[in-house]
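Colleague: Please take a close look at one part of this model, the one you consider first below. Then relate that part to its surroundings and to the rest of the protein.

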Amino acid sequence: MQNNRKPLYLLSAALLMSLASCGGGNTPASKDSGSGSQPSTSNTSTSSSKSSTITLSVTLENSTIPSGSNFFSGCKPSVILADSSTGEEEEVFDYTKKTTYTIVREDDEKEFGAGDPLPAGNYVAKIRHNAGKNYRTEVNFTVTEATPVTVGFDEDGNPLAGSGVTAIPLSDIQTKTYKDYLGMETFGIHGTPTLDKANLLVIPVQFTNISFPETVNQKGDTVKEVLQEAFFGESEDTPWESLHSYYEKASFGALNIGGTVTDIFTANFADTSITDKNDSSWVHTLIGDAVKWAEGKGTDGSGRTCEHPISRKDFDADKDGRLDGIELVYITSVAVDNDNASAFWNYTSDTKSAANLDNPCVSRWFWSRWDFLCNAYYNNSEEGITVVGADGSEKKVDAHTIIHETGHMMGAPDYYSYDHNEGPAGCVDMMDQNVGDHNALTKMSYGWVAPWVVDGSKDNFEITLPSYTETGKFLLIRNTDDRPWNGTPYDEYLMLEYYTPTGVNEEDSDGYPEWSGVTATGSNAYGHGGTYRKPGLQVFHVDERASSIRKDAAGNVIADGYTNTPRPNNGYSDANGSETAAQKVHDNTPSRSGDLLDPTSKQPNAELAIVTPSGISSFTGSSYHTSFGLMANVFGLDSYFMEDADDADKHYGGSFYSNYKMKDLYKKNYYFNDNSVFHWTFEITAQTDDSITLHIIKTAF
């Protein structure tokens, strides 16, 4: 692990063995107490032998810190294990070096951890290091009462200038979307528009051996009417939301998805004729045939023409020469199982055809099963069309799958892991387990929200965040000293969102039936199986840094990697050379992810990782689903939660963030993946149904 401390000689393995030997002798360690002048103080613990004297000493960068700070991040201890006989020294402040801390307030002997927030008072830090024997030392420090600055807001509800937080204009973010950085987009080419309007072409598909019913119920409703509700219905007319109503709410009105549902298209073959059900190449051909048929150009596999032919130009709202999106819903006789996940499943793809302004090409499309769109999850709802199955069971429209797939249509990735041994993002997200809202990384990349950014102008302040779900407001925190935020979604930072079980989260906060109904050994295998049932602060570690390749004027590669592109670009050239466009490197599937600082390494840097309040991830291992939607995954005040004290899922995971507390969540312990130091802690001081107040302090480490 790299750090910013002064260079030290490292003890060799042989010396560590000798330390263990020395510590095992009969001479007890002695203490030599004392303190140096501020801001540094040190104490030593010494063990002597004929061959060497081993000492443990501590120096603090700050011996006076403000209330609300923690010892480790605020005081920044330097703990040195030294051998006077050889002059060799080792920095052992790191917990991986078997160093532990007990923080004691002197007036009442109350104990705290090294990463806990501290009230005003005089303290002693008791430090122990195990190097074959325990070496101990102590150091005194003071926590002073410090009143944080309260962040004020302007008439638009944004933080006032100079308050410690800067509100980024949405217009700035809207020039840095997936459309602007195609290398960060899932398919690397412009997909479905995310701003203003998108017009989708929805085509129901059947095969020669299986057909949609002429009507779906005794009232005479048709498949076309069901799809119209699922894709373009109004919220009040559906059991949950339609694709249109969901994205109208999630985008805060920035995107209006419309379109047309065509007549039913019949493929010219039986679905049973597909012998390799993991080969989906035939779907590309089928899509091309279906679109031509929808234009009125020829007949389908049943010999029918499209009764209401369309014009391609009507489905290119952003005039980029590509159809905004083709969404095919198919009925099949092929059962869902692990052997046909490619061909007869739900997925999104792109033809990568050349754009044509006069005749927009088929580009982004998705392929989705009818039985995933109509299920029994909302069969008790009074709203929406009731679909009666062949067995007489009643089903309702459920748009979750088509909403998730349309997220891919607009460029977002899956945040779950295809390796199936971890759940990096924590499950609660539309692009993770198909529930609730989109997180702020996705919405920034779509151009729907802009962050409030901690700017370093204040070191100690309180800010109240409103509901992210209702307003799109969220806090972005990055190092302000080493390298400030680069102004795009494609960087490394913490993202703080105040989740509320309202809007597009409300229905799923009761537990989405697909997940909450799955049980194993008598208990729910998918935790709560939905979005969080109470408001709470979601914290994510984002590492969406981009890679590019630089070349000199002669075309020779200078270097590749993020160190040369701190601000992603779409490629440029000048007299000194050129640089390729930004490319995505990190992924929530570890086997697909890389490392920008070491291009030869396959480090599993997640692009979006949940930060759990306990500092211990519950989303590692194949059973990570058991933590799905539990309140312990979010930050909050248990005093706010007490009305649900009898519930098994009755408390938050914590209310405080510090580097020391979260060290196990990061691969580099106290550092970001780019080796920079995160200089901030935060603590929740107040919470209501629609807002949360954070006390934020800048620290030494």
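Modeller: Helix H4 (residues 223–232) is mostly covered, as 7 of its 10 residues are buried. Buried here means under 20% relative accessible area, exposed means over 50%, and partly exposed lies in between, with a 1.4 Å probe and protein chains only. Helices (H or I, at least four residues) and strands (E, at least two) are DSSP runs, numbered from the N terminus. The buried residues of H4 are Val223, Val226, Leu227, Glu229, Ala230, Phe231 and Phe232. An α-helix has 3.6 residues a turn, so residues three or four places apart point the same way.

This is a predicted model, in which local features need pLDDT of at least 70 and side-chain atom pairs count only at pLDDT 80 or more, whereas totals for chains, interfaces and linings use all residues. Residues are numbered from 1 along each chain as its sequence is written, and side-chain values use heavy atoms, with hydrogens and water left out.

A contact means heavy atoms within 4.5 Å. Gly259 belongs to strand S14 (residues 255–261). Because its relative accessible area is 32%, Gly259 is classed as partly exposed. Asp324 is 65 residues from Gly259 in sequence, yet the two C-alpha atoms are 9.6 Å apart.

Turning to the whole protein, there are 12 helices and 38 strands. Of its 701 residues, 55% count as buried. Among contacts with a separation of 6 or more, 67% join residues 24 or more positions apart.

A further case of sequence separation is Asn669, in the loop between strand S36 (656–657) and strand S37 (680–687). Asn669 counts as buried because its relative accessibility is 12%.

Thr500 sits in the loop between strand S25 (492–499) and H12. With a relative accessibility of 1%, Thr500 is therefore buried. Beyond four places in sequence, Thr500 touches Ser467, Thr469, Glu470, Asn505, Pro535, Asp689 and Asp690.

On a 1 Å grid over the protein atoms alone, a cavity is a set of points where a 1.4 Å probe fits but cannot get out, while a pocket is an open set with protein on both sides within 12 Å along at least five of seven lines; lining residues have an atom within 4 Å of a point. Grid points are joined across faces, edges and corners, and a volume is the space filled by probe spheres set on the points.

The largest pocket has a volume of about 1200 Å³. Its lining holds 44 residues, with Trp345, His404, Asp414, Tyr416 and Tyr418 nearest its centre. Strand S17 (347–350), helix H8 (400–409), helix H9 (430–433) and helix H12 (513–516) each give two or more residues to this lining, and H8 has the largest share, with 4 residues. The lining divides into 16 nonpolar, 17 polar and 11 charged residues. Ala, Val, Leu, Ile, Met, Phe, Trp, Tyr, Cys and Pro count as nonpolar, Asp, Glu, Lys and Arg as charged, and the others, Gly among them, as polar.

Of cavities of 30 Å³ or more, the count is 2. The largest cavity has a volume of about 90 Å³. It is lined by 15 residues, and Val428, Asp429, Asp437, Glu497 and Gln538 are the closest to its centre. Helix H11 (468–471), S25 and strand S28 (536–543) each supply two or more of the lining residues. By class, this lining has 5 nonpolar, 7 polar and 3 charged residues.

Finally, confidence is given by pLDDT, the predictor's score for each residue from 0 to 100. The protein averages 87, and 87% of the residues score at least 70. Over residues 1–51 the pLDDT is below 50, and this stretch has 115 contacts in the model beyond near neighbours in sequence.
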